[in-house]
Amino acid sequence: MQTIRGFRDILPETISLWQKVEKEATQLFEAFGFKEIRIPVLEKTELFARSIGEATDIVEKEMYTFADRKGDKLTLRPEATASIVRSYVQHKMYASDPVRKFFMTGPMFRRERPQKGRYRQFYQIDAEVFGIDSPYMDSQLIFILHELFKRLGLTGLSAHINSLGCPECRPSFQSALLKFLESRKDRLCENCLRRMDKNPLRILDCKMSECKDALTDAPSTLDHLCPVCKDHFETVKRTLETQGVDFMVDKTLVRGLDYYTRTAWEIQTTTLGAQSSVAGGGRYDGLVAELGGPPTPAIGFAIGFDRLVEVLEQMEAPLEPPLDLFIVSLGDAAVEKAYFWSCELNRKGVSTELDFRGKSMKALMKRADKLKAGHVLIAGENELAQNTVLLRNMATTEQVSLTLDHLVWI
Ligand code: ATP
Ligand code: MG
């Protein structure tokens, strides 16, 4: 039996980096006032269709959607934002306190062409903020990403930011875009032509090289921002500069989901080839109301956990968790003693290993080496007869004899 295409096991050999990232992220989020939330992996299809947008790649081609036994249309979550908004609205969180900050980590599912950095089950670290429309929140989220990546020792990353405007300025941009697209009609792919009526903004996100070429001088949302959006974006840029966060304004960045308004961003790396985006985020001030809540500004981001780990793997060998002590026990009486000692030490937080297979001294020392034990405790029949054991420091090869009375854990 094999895993399904695009699905994979994350094996214990590589788990230390995953744990390190998760630990750093949790610490950082908690220090910035975020609370963990856990949401289901399965939701009604309608939730994603309505929030991400019908005419997007995710909804049109990538979702795992099926009818359950009663015929309800369900989808494995392709992202977390929609579900967290659903939760915020369902539990009327806005009623007691509209300002909420959440984070979560978990698997997402998209049926894409699997390749390095692109899987059908992948993991995201996600953060969302509700109830704050201030541009300082936009800056803070980008600052948090910058800080997390700094703590993880990552280099070669750049933040691309753009402003997508709001319902005030969209219409003027939309008509300029449509006019431009009409003039390039003969150079666009079939998919883009189809989207011209439904969702012209999505055309700017097309990955086909002919379309990309045709769109190089497409109008930019930045030239159509209303004064409020303009001010908002200026504050974001100014504060990021003051905080020393490297960024570049990328007027071609539109992101692949419909719900974004104003600031949108992506963190890109130069080290992962085509799969260059390690995190993406943006403001979505209209979505809470769209999903039935009161008008509530909101903003969030998602980090591609798998890609982040891949970048880290290129930088350093994964840390093997060290083994504190290997117990070499020779003879039945010693094995039983070693068993009790090892349980007691493990209980106290010291990691130990022993071997029950009745192997020779030589084989056991070899195994201690293989497991990279810091120390080896040797309990042979001779030693036990004299009420002693040997403790060997594997790095220095120094060896001391201890009487059993010295063993504080007994
Ligand atoms: P891409 O342009 O690479 O397809 P995206 O815009 O679809 O990314 P988002 O929806 O913004 O991605 O998700 C946030 C992050 O999740 C991405 O920056 C990326 O690191 C990661 N991600 C998205 N899809 C996948 C996938 N299929 N496998 C692994 N990571 C993914
Ligand atoms: Mg994608």
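**A helix and its surroundings**

A: The protein is divided into two parts, domain 1 (15-169 + 225-315) and domain 2 (323-406). The model is predicted, and in it the C-alpha centres of domain 1 and domain 2 lie 50 Å apart.

The helix to start from is H10, which covers residues 227-242. Helix H10 has 16 residues and reaches 22 Å from its first C-alpha to its last, close to the 22 Å expected at 1.5 Å a residue. Which residues of H10 are buried? They are Cys229, His232, Phe233, Thr235, Val236, Lys237, Thr239 and Leu240. These buried residues pack against helix H6, strand E7 (157-163), strand E8 (247-249), and strands E9 and E10. Just after H10 comes glycine 244, with a positive phi of about 70°.

Helix H6 runs over residues 135-151, and its 17 residues reach 24 Å from the first C-alpha to the last, close to the 24 Å expected at 1.5 Å a residue. Twelve of the 17 residues of H6 are buried, so this helix is largely enclosed by the rest of the structure. Among the buried residues are Met137, Leu141, Ile142, Phe143, Ile144 and Leu145. Asp138 and Glu147 of H6 are buried too.

Strand E10 spans residues 277-283 and includes glycine 282. With a relative accessibility of 0%, glycine 282 counts as buried. Which residues does glycine 282 touch, leaving aside its neighbours within four places in sequence? The contacts are Tyr260, Thr263, Ala264, Trp265, Ile299 and Gly300. Glycine 282 and phenylalanine 301 are 19 residues apart in sequence, while their C-alpha atoms are 6.4 Å apart in space.

The structure as a whole holds 15 aromatic pairs. A pair of aromatic rings is described by the distance of the centres and the angle of the planes.

Strand E9, a partner of H10, is also packed against by another helix. Helix H7 (residues 170-183) has 14 residues and reaches 20 Å from its first C-alpha to its last, close to the 20 Å expected at 1.5 Å a residue. Its buried residues are Arg170, Phe173, Leu177, Phe180 and Leu181. Seen down the axis of H7, the buried residues fall within an arc of 100°, so they line one face of the helix. They pack against helix H8 (190-198), helix H9 (209-214) and strand E9 (261-269).

Most residues other than glycine have a negative phi, and most peptide bonds are trans. Lysine 92, although not a glycine, has a positive phi of about 45°. Lysine 92 lies in the loop between helix H4 (81-90) and helix H5 (93-96), and counts as exposed at 52% relative accessibility. Asparagine 387 likewise is not a glycine and has a positive phi, of about 60°. Its place is in the loop between helix H15 (381-385) and strand E15 (388-393). With a relative accessible area of 38%, asparagine 387 is partly exposed.

Technical notes
Residues numbered from 1 in each chain as written. Chains lettered and ligands numbered in written order. Predicted model: local features only at pLDDT ≥ 70, side-chain atom pairs only at ≥ 80, totals over all residues. Heavy atoms only, no water. Helix = DSSP H or I, 4+ residues; strand = E, 2+ residues; numbered from the N terminus. Expected span 1.5 Å × (residues − 1). Buried < 20%, exposed > 50% of the residue type's maximum accessible area, 1.4 Å probe, protein only. Arc of directions from axis to C-beta. Contact = heavy atoms within 4.5 Å. Phe/Tyr/Trp six-rings, centres within 6.5 Å; stacked < 30°, edge-to-face > 60°. Domains from an automatic or database assignment.
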